[in-house]
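Please find below a note on the model under review, arranged as numbered points.

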Amino acid sequence: MVDLVNVYCDESCHLERDRIPVMVLGAVWCPQVAVPGISEALRALKARHGLAPTFEAKWVKVSPAKLDYYREAVDAFFDEYRLRFRAVVIPDKGRLNHAAFGQLHDDWYYKMYFVMLKHILDPRATYHVYLDIKDTRSQAKVERLHDVLCNNLYDFDRAIIGRVQQVRSHEVEILQVADLLIGAAGYANRGLTSSRAKTALVEHIRRRSRLSLTRTTLMREDKVNILVWNPQEG
């Protein structure tokens, strides 16, 4: 029987000219069979903190008033052995020279998604990849990404990447966890400390992971896996 795995992807500061040098692509994944139970546990956590089931946990919303909730959401990720996280950090988009490689920023963006996901993928399993809806170009982006991933894997019958689909993050609990972890990785790599609540949450993630979040981990690092990517590695 083929294993089915759900992969929830998001990104931070991915636009070419947003004046923010650091970009992060990341994903949280788990067996599809585990999704209902994990999602229910995350909703129950919100209820214990007096938050509505429709409350969307997001990095940009991290604040002192909700810091205890966000710490527990992070703990829920670390305590659930079936959840894992992978991120690719690009320290400085300004160093990219797309013209030298005959590509546009969008072309490079799809290549980086493959770099992020290839560490996750096992050809013996089938993956359903979910991305947050961002803008009016989202559907075209999803279709292109599906093509790029399958072509790079020689997965022409889409047996490995069975689905790439848009979802609304406020409806998907595990995608909200991905947003938190990606946001924390971006914050750490930008060297920011302006928000005490966000700084505290980054430190909490560092303690739980025993990682700096700013250095490439060993490839075999299983729970939190990070690649700090530089153009010469591309």
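1. A residue is called buried when its relative accessible area is under 20%, and exposed when that value is over 50%. The model discussed here is a predicted one, and the values below should be read with that in mind. By the buried criterion, Cys30 is buried, with a relative accessible area of 1%.

2. On the cysteines, how many disulfides does the count come to? The count is zero, where a disulfide requires a pair of cysteine sulfur atoms within 2.5 Å. For Cys30, the closest cysteine sulfur belongs to Cys9 and lies 12 Å away, which is too far for a bond. Cys150 is likewise in no disulfide, since its nearest cysteine sulfur, again that of Cys9, is 13 Å away, a separation to be set against the limit of 2.5 Å. Cys150 counts as buried as well, at 3% relative accessibility.

3. On the backbone, two residues deserve a careful look, because most residues other than glycine have a negative phi. Arg210 has a phi near 60°, a positive value in a residue that is not glycine, and Leu213 has a positive phi of about 75° although it is not a glycine either. Arg210 is found in the loop between helix H6 (196-209) and strand S6 (224-228), and Leu213 lies in the loop between H6 and S6 too.

4. Val89 is placed in strand S3, which comprises residues 84-90, and counts as buried at 0% relative accessibility. Leaving out residues up to four places away in sequence, Val89 touches Val22, Met23, Val24, Asn189, Ile226, Leu227, Val228 and Trp229.

5. His146 lies in helix H4, residues 138-152, and is buried, with a relative accessible area of 7%. Its contacts, once neighbours within four places in sequence are set aside, are with Arg158, Ile161, Gly162, Arg163 and Val164.

6. Turning to the whole protein, there are six helices and six strands, and read along the sequence they follow the pattern β-β-α-α-β-α-β-α-β-α-α-β. The radius of gyration is 17 Å, close to the 17 Å that the globule rule gives for 234 residues, so the protein is as compact as a globular protein of that length. The C-alpha trace spans about 50 × 45 × 35 Å along its principal axes.

7. Among contacts with a separation of 6 or more, 72% are accounted for by residues 24 or more positions apart. The accessible surface comes to about 11,800 Å², and 51% of that area belongs to carbon and sulfur atoms.

8. Finally, on charge, the protein has 34 positive and 29 negative side chains, and the centres of these two sets lie 5 Å apart.

Notes. Residues are numbered from 1 along each chain as its sequence is written. This is a predicted model: local features need pLDDT of at least 70, side-chain atom pairs count only at pLDDT 80 or more; totals for chains, interfaces and linings use all residues. Side-chain values use heavy atoms; hydrogens and water are left out. Buried means under 20% relative accessible area, exposed over 50%, partly exposed in between (1.4 Å probe, protein chains only). Helices (H or I, at least four residues) and strands (E, at least two) are DSSP runs, numbered from the N terminus. The radius of gyration is taken over C-alpha atoms; the globule rule is 2.2 Å times the number of residues to the power 0.38. Contact means heavy atoms within 4.5 Å. Accessible areas come from the Shrake-Rupley method with a 1.4 Å probe; for residues, only the protein chains shown count as cover. Lys and Arg count as positive and Asp and Glu as negative; His and the chain ends are not counted. The place of a charge is taken as NZ of Lys, CZ of Arg, CG of Asp or CD of Glu.
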